[in-house]
Amino acid sequence: MAYKFTLRGKTYSFEDLKMVLAKATPERSGDALAGIISEDNKERIAAQYCLSEIPLKTFLDELLIPYEKDEVTRLIIDDHDAKAFKPISNLTVGDFRDYLLSYEVDGEIIKKLSPGLTPEMVAAVSKIMRNQDLIYVAQKIEVVTKFRNTVGKKGHFSVRLQPNNPSDDPKGIAASIIDGLMYGCGDAVIGINPATDNPQEVSKLLKQLDDFRQQYEIPTQNCILSHLTTTLEIIDKAPVDLIFQSIGGTEKTNSSFGIDLNLLKEAHEAGKELGRGTIGNQMLYFETGQGSSLSADAHHGVDQQTLEARAYAVARKFDPFLVNTVVGFIGPEYLYDGKQIIRAALEDHFCGKLLGLPMGCDVCYTNHAEADQDDMDSLLTLLGVAGCNYIMGVPGADDIMLNYQSTSFHDAMYLRKVLNKRPAPEFEEWLLKMGIFDEQGNRLEIPESILKLK
Amino acid sequence: MMKKEISKSTYLQKDPWANLRSLSKARIALGNSGGSLPTKEVLNFQEDHAFTKDAIYSDLMEEELIEQLKKFELPVFQFQTKVSDRKEYLKRPDLGKKLAENSEAEKGNFDILFILTDGLAAGAINERAIPLLKEILPKLKDYRIGLCLVKFGRVAIGDEIAEKIGATFTAVLIGERPGLSSPKSMGIYSTFQPKPGTTDERRNCISNIHEDGLSIERASEILKYFIKESFRRKLSGVSLKEGNSGLPDHE
């Protein structure tokens with residue numbers, strides 16, 4: 001169905017719903033690369049007006065990617081909870097924005113609506129929201145997850161300790177872990193991107209992390225971010241806590257990652273069997289990022305932000321412990337500069353939270369993007385205010401294995417200070433017990449004796 | 001009464017694990033002031049960022065590389081992609097996956113094509129591609145091999161080239177996105193039966209080949225393993241990993 005909107009005497013027409021969405025999207029290089037970006041600012045605002053008048057229920061009837069062709073579409077439609085959707089079924093996209101912002105809507109109400117929301121509805125409303133709207137609504141929502149500790153509670157802010165090493169060297173990895181723990185990081189997960197996705201290597205790394213965790217009784221969880229098939233191969237022998245996988249918003253994207261929904265289901269079942277969580281058993285860890293579908297030539301002419309929201313529909317099916325939008329990693333051909341990265345991260349965090357996910361964000365950029373540390377400081381602060389569950393913690397913000405800049409342990413210290421946030425409760429207790437932090441969250445002088453770690 | 005002068009030792013906090021720095025290039029034991037980075041470390045980071053930004057705009061040394069490739073006494077090809085400059089390369093990855101309109105080459109029917117391309121770090125290819133070939137080529141005597149150089153290429157350029165000249169297997173040597181500590185890192189993507197439209201799950205990747213990462217020798221060993229197994233099992237990518245107990249261990 002075609003859509004039209006007349007702006008100052010000129011009528012703009014959009015051939016279908018996905019074109020309205022694409023043209024209404026704030027500027028980003030990935031949509032330009034896909035050839036679906038609005039021609040100019042005037043067309044964009046016409047599309048935004050047009051989108052704001054579309055009833056939410058339209059997204060249940062007019063599917064962006066055909067039901068027969070895509071298992072993610074089937075998941076979205078088959079799992080839609082009509083009862084949860086009922087209260088807002090008469091709203092347009094524009095009404096929905098106002099409703100979300102209103103005093104009467106709090107986190108609990110959003111949580112009840114969530115199963116009735118599709119990623120397309122959520123993406124649509126985000127496109128007509130400003131950055132402050134994305135922050136304001138997201139911070140209403142609390143998504144708490146549990147494994148060996150509790151991540152996502154209001155007033156708390158967690159960090160994935162990311163001790164990557166270009167040759168998976170155990171000593172190099174241990175050095176980065178110690179550094180991170182001494183700065184209060186590692187409560188979301190201690191997670192390594194392995195340089196070689198090889199079952200033996202991955203098993204060795206898991207063993208190393210598990211030994212370390214047990215030796216110091218650290219209330220956290222480990223993860224080697226290997227391909228799902230590698231993890232499944234070793235799951236019976238190696239100490240697997242969280243199961244990792246990159247996911248996307250279309251069947252074809254996922255197939256380019258070498259997975260499908262069945263494989264994810266299999267992994268979820270296998271993880272539940274393990275039962276290694278002590279206070280909870282949410283054990284999946286997903287990573288996503290705008291642009292992955294276009295990059296895999298699997299985007300069906302849909303804009304990258306809407307596809308990213310669809311990836312969250314995949315994630316929510318499997319009740320994950322952590323979801324991370326790796327926003328600036330993909331490069332300038334998808335998100336060109338600091339402005340685009342910041343906007344995309346806030347959209348992703350908002351959409352994920354609205355769909356009920358424990359959203360974290362890799363606040364990051366590559367050296368070939370037009371961004372720098374100042375941009376990351378801005379984004380980090382905005383996400384902190386928005387109630388983001390966790391960020392990455394990389395020594396000195398420099399990932400020497402993945403060759404990009406993320407957030408540092410010092411960045412986490414900064415954020416917890418300025419927003420008065422604390423680590424995950426169980427982890428904070430451990431930091432106090434070990435004499436690493438004081439009650440105010442200040443780093444104590446570290447005695448040499450703690451450092452006889454290994 | 002005069003106030004005492006402030007001493008650094010009262011507010012700058014040291015991290016007493018500086019000795020661990022010998023174990024890794026990671027930026028550890030930086031110390032802090034009120035949890036934040038000390039001045040010296042902030043500037044040091046920004047210095048590295050400045051140098052890395054400039055490295056991205058470095059160029060492939062085409063003439064020298066072609067000279068070196070010819071010394072292997074194997075067929076050598078040179079191609080151009082549809083990209084005309086570095087800015088366009090950064091914004092239009094699609095063009096870096098396609099050969100320029102006028103690209104011509106004789107059909108060769110090779111077993112293996114080694115394809116060198118600058119990617120995001122021409123310096124990595126300028127310095128590490130030839131040493132890698134020197135290491136691995138003598139061990140691949142049983143295969144018909146061709147060597148290619150292509151400027152402004154992406155990984156998938158290998159698929160087009162393989163189709164053009166005919167090859168069962170490609171190994172694309174490409175400059176990886178530069179990191180602050182490793183502005184010249186090389187990656188190798190290998191694909192069995194590559195053709196345009198091949199997706200990433202069908203490729204095997206060896207990354208981080210640089211001074212402080214994977215050595216040329218080790219990378220060559222892994223690549224040799226991928227070649228052997230790909231030809232034996234007639235596949236590459238995710239499914240090649242399954243049951244690959246034959247991969248030699250790290251030393």
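**Reading a domain–domain contact**

User: How many salt bridges are counted between domain 1 of chain A and domain 2 of chain A?

Analyst: The count between domain 1 of chain A and domain 2 of chain A is 6 salt bridges, in what is a predicted model. As the criterion is a Lys or Arg side-chain nitrogen within 4 Å of a carboxyl oxygen of Asp or Glu, a pair should be read with its distance: the side chains of A:Arg74 and A:Glu251 meet in a salt bridge at 4.0 Å, N to O.

User: How many residue pairs are in polar contact between the two domains?

Analyst: Between domain 1 of chain A and domain 2 of chain A, 29 residue pairs are in polar contact, with both residues at pLDDT 80 or more. On the side of domain 1 of chain A that touches domain 2 of chain A, the elements giving two or more residues include helix 1 (17-24), helix 5 (71-78) and helix 10 (131-138) of chain A, while helix 9 of chain A gives the most, with 7 residues. The residues of that side divide into 25 nonpolar, 8 polar and 12 charged.

User: What area is buried between the domains, and which three residues of domain 1 supply more than any other three?

Analyst: The area buried between domain 1 of chain A and domain 2 of chain A is about 3,700 Å², of which carbon and sulfur atoms give 62%. Of the area that domain 1 of chain A buries against domain 2 of chain A, A:Arg28, A:Glu71 and A:Ile135 supply 17%, more than any other three residues.

User: Where do the domain bounds fall, and how far apart are the C-alpha centres?

Analyst: The domain assignment of chain A gives domain 1 as 3-138 and domain 2 as 145-449, and their C-alpha centres lie 28 Å apart. The contact takes 45 residues from domain 1 of chain A and 44 residues from domain 2 of chain A.

How values were computed:
Residues are numbered from 1 along each chain as its sequence is written. Chains are lettered from A and ligands numbered from 1 in the order in which they are written. This is a predicted model: local features need pLDDT of at least 70, side-chain atom pairs count only at pLDDT 80 or more; totals for chains, interfaces and linings use all residues. Side-chain values use heavy atoms; hydrogens and water are left out. Domain bounds come from an automatic or database domain assignment. Contact means heavy atoms within 4.5 Å. Buried area is the accessible area (1.4 Å probe) that two parts lose on being put together, summed over both. A polar contact is a pair of N or O atoms within 3.5 Å; within protein, one must be able to donate a hydrogen and the other to accept it, and residues adjacent in sequence count only if both atoms are side-chain atoms. Helices (H or I, at least four residues) and strands (E, at least two) are DSSP runs, numbered from the N terminus. Ala, Val, Leu, Ile, Met, Phe, Trp, Tyr, Cys and Pro count as nonpolar, Asp, Glu, Lys and Arg as charged, and the others, Gly among them, as polar.
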